[in-house]
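Here are a few friendly notes to read alongside the model. Please keep the view open as you go through the points.

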Amino acid sequence: MNIWVFVEEANGAPAPVGLELLTKARELGSVSAVFLGESDDAIAELGRYGAGAVYRLAGGEDKLPAAGAAAALADLIASESPDLVLFGLTYTDRDVAGRLSARLGKPVVSNASDIRLDGDSVVVITEIFGGTQLVETAVRADAPALVIGRPKAFTAEPGGETTPAVTEVTLPDVGHAGAAVITAVHVEESEGPKLEEADIVVSGGRGLGAADKFELIEQLAGKLGAATGATRAVVDAGWVAYSKQVGQTGKTVKPSIYIACGISGAMQHLVGMKDSGTIIAVNKDPDAPIFDVADLGIVGDLHQVIPKLLEALA
Ligand SMILES: Cc1cc2nc3c(=O)[nH]c(=O)nc-3n(C[C@H](O)[C@H](O)[C@H](O)COP(=O)(O)OP(=O)(O)OC[C@H]3O[C@@H](n4cnc5c(N)ncnc54)[C@H](O)[C@@H]3O)c2cc1C
């Protein structure tokens, strides 16, 4: 099976979800990357993750790239006939996949948590009802199958060590469809490790009781070199920024250790963190659903438990 992975450049490197998808794609067949970016170092990195060939899409300047990228991909697909094209569940990737789906008149299956082959068919596994049920969708349309994969569904591991053959592709002019330009880019200021990439995450929920109590979460995270996360209840209350939200409508994280403080364990939260290595929960309610997924649980008032933990870590 000939598989293409669409990978966007992020800060001079391949976007992490692209490397995760390349790793999965290696299991399924021979792999090429379609890289939206300029960096040569990023292309070398794609080779380390198994891309034997790279199509570099460049030349969009300050234009919002999805329309041009989809048009370029449609042309490449017509001449190279891949069997499967994978995208990540990110803003640009989704935009490109949707436009490509419309151009090719083919379905796109989104939100994949796993992918397997059944003969020549691509079978996409998606989670529904907060990850409690799995749906298998076999793509029966003519190739290529278009699939969007969830971040952290696969673990990125280098392998296949190749020096990819690079084909330069200029983004075509798509007229009005590609006329939107990027006028400014704002990088959110944050301290400590990034939530999606951190090895340890400490998250706080409504059980904190007040916005200023999120400081407890920050102090514990600071001691552990961890990133901080939050539930939607906390974000909706305006206690912390949306960028910290973990869950169905927030970020998916998969750290080695996830510490949930004052979090009930609603399905929509669990879906964003249940694949973490070791889950530790602090909750005063012994029947809180978070304890169903926790490896270690502390039943108690977090306002007493966290200061004790901080003392122990001092
Ligand atoms: C479409 C949709 C999408 C959603 N997406 C998300 C999402 O992405 N992420 C997300 O998190 N939620 C999401 N939600 C919301 C979700 O359903 C829950 O409402 C939310 O996760 C609850 O947050 P919480 O655990 O902080 O609050 P609560 O459910 O109110 O739980 C607070 C917990 O704190 C405990 N507690 C209280 N005081 C203390 C104390 N002093 N010490 C220790 N424990 C204490 C309580 O026992 C309780 O278990 C979504 C909902 C919908 C409908």
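**Notes on a strand and a ligand shell**

1. Strands here (E, at least two residues) and helices (H or I, at least four) are DSSP runs numbered from the N terminus, and two strands pair if DSSP finds at least two bridges between them. Within E9, Leu146 is the bridge partner of Val85.

2. Before going further, note that this is a predicted model, in which local features need pLDDT of at least 70, side-chain atom pairs count only at pLDDT 80 or more, and totals for chains, interfaces and linings use all residues. Residues are numbered from 1 along each chain as its sequence is written.

3. Strand E1 (residues 2-10) also runs parallel to E5, joined to it by three bridges. Here Trp4 stands opposite Val85.

4. Why is E5 largely enclosed by the rest of the structure? Five of the five residues of this strand (residues 84-88) are buried, so the rest of the structure largely encloses it. Buried means that 20 or more other C-beta atoms, placed from the backbone, lie within 10 Å of the residue's own. Leu84, Leu86 and Gly88 point one way, Val85 and Phe87 the other. In a regular strand, side chains alternate between the two faces of the sheet.

5. Now to the ligand: 28 residues surround it, the closest being Gly205, Gly207, Arg232, Gly247 and Ser264. Elements giving two or more residues to this shell include helix H6 (232-236) and strand E14 (278-283). The largest share, three residues, comes from H6.

Key. Buried ≥ 20, exposed ≤ 12 C-beta atoms within 10 Å, placed from the backbone. Near = placed C-beta within 6 Å.
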